[in-house]
Amino acid sequence: MKQFWQKTNKKHLVIAFLVLLLTFVLVSINLKADIEYLAIDNEAVSLVKYDPTSYSVVTDSWVDVTDASAIEVTADDMDLSYEDGTAYNYDGPVLHLFENDEISFQVNIVESGAYFVLIDQLDVSSSILPNEISLAINSNYPFQESEVIKLTTYWQFENAEFALDRYGNEILPNSVKSDAWNHTYLYDSTALNSEPLKYNFVLGSNTITLGCVSGEILLGSFYIIPISETPTYEEYLANYPSSDMANGIIRIGAEDLAAKSNPSISLSSERDPSATSYDTKYTYLNAIDGSSFDSGNDEIVYQFDVTEDGYYYLGFKYKQDYLMQMPVFREIAIDGAVPFSDMEDYAFHYTAEYQNLILNNGTENYRFYLTAGTHTLSLRVVLSPYRNAYENIVQIMDEINTLSLQIKRLTGNTSDKYRTWKLIDYIPDIETRLDSWISVLSQIYDELSLYSHQDNPGQLTNLNLALTRLEDLREDVDDIPNKMELLADGSTSSTQFLGSTVEGLLSNGLDLESIYISGTEELPKPEANVLVRSVESVKRFFLSFGADEYSVKSDEEGVVEVWVNHPRQYIEIMQQMIDNDFTPTTGIKIRLSIMPDENKLILANSTKYSPDVALGVNYWIPYEFAIRGAAVDLREFSGFGEMVQDFSIGAMVPYVFEEGVYGIPETQNFWVTFYRTDIFEALNLPVPETWEEVIEILPELQRYGMNFYEPLAMFKGFKPFVATIPFIYQFGGTLYATDGMSTVINSEESLKGIELMTDLFTVYNLPEEITNFYNHFRYGDLPIGISDLSTYLQLTIAAPEIAGKWAIALHPGVENSSGEIERWAATGAQSAMILSKSEYQQESWEFLSWWMSTDVQTSFAQRLQTTYGTSYLWNTANLEAFAQLPLPSDDIEIILEQWEYALEATRIPGYYMVEREISNAWNTIVFDDANPRITLDEAVRTANREILYKMEEFGYVENGVVIQNYNVATIDNISQWLKEYDSND
């Protein structure tokens, strides 16, 4: 019997294995077929009209001019300030335009209608950010996209050969701007319209006004050319001789970039033995990182040579798992021109693994005619297939928010399940609105689904959830006041799901490993065979036991061990700078290691593997080390006074323990006011300087269904110091008594601050919960609010539709008796410290002094962005270095001025209980309508008990009696220390 079962089980196992193998083969075949042979109608989604000032709406009625002579306007005909272009390698006069410069010139048009516009331009700015211009015709911007137009700048890797780190791995090289002039069309900065921008000119004289919004540009000639249609595939073939397919196959590694339009586009390493560049042990850069090649108008360019005239296929080895079961789109150009219309927005379908794709139309593979010689191939991210869906969804979101505010005005923003409303009596068209939204969104869902191989694409899940929410609300509109969380409030509302949908559609990543220019349809397989992959996997497994790349374990004598709480990309650049600069100059060897967990530093300090220096740790950690004797007092080192002159004094507060300073800020956050300039100009509202002025503009904002965002709404439940201390400090309050043995958050000054902090929500109706200010700011229902660096980066990089329509201002404050507006706000980010067990404390200090110096911080910040892109902003705490970052000058001035009011919460034993009790007080006052004074008195009693308990633990109190005074750190005593250093110097 046992033998029978053994035989039967073996038989079943064999059958099961064969079934699985067959299934795998069939799935692979089907997947490959899907990728190669699905045609898409990119004009499927065409619904209601969007913003009447948008390009897609304005140009809809224009008549294209297709048969007219091109017009060239040279720089000497634009403005008298022109220069000879010879010095700039340009054949003709040029204009040197700086930020805020503007020129106007006349052009005579012999046939009215719509034309394309091109310019010759060269980016000569020192910034990594793209130059921006505006273009007005006859004193008007014809559409909103013309107010800010990003100009294309091409970047190249600084070195053709990739440098190696100390472990033998390839390092992503620095990127530098190309010095070649660009003869370029003007494009919509959002890339929602993939074709070049058209401009409508009247018959006769037209005034063209070109402004330099940001950056520094050399402008050559300005061209107005008739609209030309891209030929169809059949027309394209008719232009070339009948010919057989060429011979051979050319394979280009994705890492062999000739140029890219965004320094953020980077390479990654695929552990793929079939890649053009691969090693079992070492990391080689061999693929385009799709997460960096995903924004509208991002472009990559490759150069290749063919040896014979003829037709070729274009193939790509790619992976696209960024839009779940939906395609991303690329414009494909050869030698700078799109060969035929199907290449204007070619779909790369979803695939979780690398696959080969030969460009095709579903019936046959496309053939491309190439002459012998050198050619270029480019891929540009285009979003136009998703444009109509995007515009309709954004419009519906705006309408939903309007309805939400109408209902809140009616109900007083309260929910009462025992109260019945007849909303249709007050909002007669509420059912019509809901029906319209459901209908339009259903159509969008159906049309977008046509782009996918799946009936219910995963990428459209949020859209489907939004539909479900609206359908639930439509069943009983009178119950909507009790279901506002389904409409527009909270993280599971219909607007939140719609916002996630459009955000996803704008992020079109594409991983790319190889490009094929081939005379045959037979491409190399997209992956190595099973045997090779298995062998490589086993080899990597055994090699992993000896790997020590940036590990925290070092047996080297005479080497300063530095643990770094930053991503590996940062560490690679840091180690390279150290090896090339610091060590040759000082003779001090430094080894950087990736910090496994900053919370384990205390434990590591008790072992022999403790680091000498810690970088990138949270700003509150040095104090915790200092009070336990695990950190070194940096005031003991020569040069400390000179170093800290480069920092905000208030940012030093959390690093002080007694009379010592046990850490320094490495990076620094900022909290400023963000506001929509377009909305504030339309409403003729001033940007508030004080909280009183904030309150004054609230009625007008709320009358139009808008509001002010205060960061307390970002934190659910617990409200940390970063959100609460501005109100206390701005009113002149403090957290602790001078002896540190108690809290004084119930003082008159602190009470005033906390009352304002709660009144903003209970009296003035600020939103109590906002999960994502960035989205609300983009959509305009929160056109002003206080936020930090993360929002700044999001708006700069991922909100092209409002580029030029927002700005930052100083944090609102409180005017004191002398007329000064006190704008105190938190700034804490990451810090650096030396651990007390280090045997190389002097060497560690020299390294820390070098690392935080202005020149090194400036160099690192620039290197980080030119290597990995604009999103890698290094918000250095060194003020002089920060002033040199590639940011708009107006923004830098605002941030530096705000940092004059940088002030972090002082740390004492038990400080966490004060933080918690302030938070509890806010929740109790706001949600339970409690009396502020009584609530704070109770909070003080609770916090004081914990403070005394911790003071006893650390030896300041014994049996309830103070036996040692505690020196509370303030901005005043730090200022006094700096004066002493200055006098000693």
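A crossing is called left-handed if the near helix is turned anticlockwise from the far one by less than a right angle, and right-handed if clockwise. In this predicted model, local features need pLDDT of at least 70 and side-chain atom pairs count only at pLDDT 80 or more, while totals for chains, interfaces and linings use all residues. Residues are numbered from 1 along each chain as its sequence is written, and side-chain values use heavy atoms, with hydrogens and water left out.

H12 (residues 568–586) packs against H23 (residues 854–868) at an angle of about 130°, the axes being 11 Å apart; axes are lines fitted to C-alpha atoms over the stretch in contact, and angles run from 0 to 180 degrees between N-to-C directions. H12 is therefore oblique to H23, given that angles under 35 degrees count as roughly parallel, over 145 as roughly antiparallel, 65 to 115 as roughly perpendicular and the rest as oblique. H12 passes H23 in a right-handed crossing. The residues of this contact divide into 8 nonpolar, 4 polar and 2 charged, where Ala, Val, Leu, Ile, Met, Phe, Trp, Tyr, Cys and Pro count as nonpolar, Asp, Glu, Lys and Arg as charged, and the others, Gly among them, as polar.

## Helices H5 and H7

Between H5 (residues 387–411) and H7 (residues 430–449) the angle is about 155°, with the axes 11 Å apart, which makes H5 roughly antiparallel to H7. The crossing of H5 and H7 is left-handed, and the residues of their contact divide into 11 nonpolar, 2 polar and 2 charged.

How values were computed
Helices (H or I, at least four residues) and strands (E, at least two) are DSSP runs, numbered from the N terminus.
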